[in-house]
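Have a look at the model, then go through the points below.

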Amino acid sequence: MTDGDGGLFADPEGLARDGWKIHDTAEYTYELRQWLDNELASLGDIWGSGDEFANDMDKSLGVLRTSISDYIDFLVTAQKDLADHTVQMGGNYGRAEGVNEDIASGIDPANGSRPGGGRR
């Protein structure tokens, strides 16, 4: 995120808090997949079975059904991973902010150095 002056800032608490909301999106996506699977199953083999047309439809739409389900499963996994990593990133930013405050508290404003010299 950027501020008005073009600098970067992070809201560690916001990342951790709002990152968990991404799990809600994953749950909703999973529910959509279940709905889709149920709707497709209720259709059955609407094109019949045993003849050339039915076999052709089964080859093309059967693969499509599987591909859509696999894709939605991938989306659910990606959303859950994103939620976990966002929350983790919020914690990392929070810890980094705390370390930076510790370093800044040890700087001598008169000469710009830390007690004991050097960098940490």
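1. Glutamine 79 is buried, at a relative accessible area of 15% (buried means under 20%, exposed over 50%, partly exposed in between, with a 1.4 Å probe and protein chains only). You'll find glutamine 79 in helix H3, residues 52-105 (helices are DSSP runs of H or I, at least four residues, numbered from the N terminus).

2. Keep in mind that this is a predicted model, where local features need pLDDT of at least 70, side-chain atom pairs count only at pLDDT 80 or more, and totals for chains, interfaces and linings use all residues. Residues are numbered from 1 along each chain as its sequence is written, and side-chain values use heavy atoms, with hydrogens and water left out.

3. What does glutamine 79 touch? Leaving aside residues up to four places away in sequence, its contacts are Ile22, Thr25, Ala26 and Thr29 (contact means heavy atoms within 4.5 Å).

4. Helix H2 covers residues 21-43, 23 residues in total, and reaches 34 Å from first C-alpha to last, close to the 33 Å expected (1.5 Å times one less than the number of residues). Its buried residues are Ile22, Ala26, Thr29, Arg33 and Leu36. Just after H2, glycine 44 has a positive phi of about 65°.

5. On to the neighbouring contact: Arg17, Asp18 and Gly19 in H1 meet Lys21, Ile22 and His23 in H2.

Methods. Helix = DSSP H or I, 4+ residues; strand = E, 2+ residues; numbered from the N terminus.
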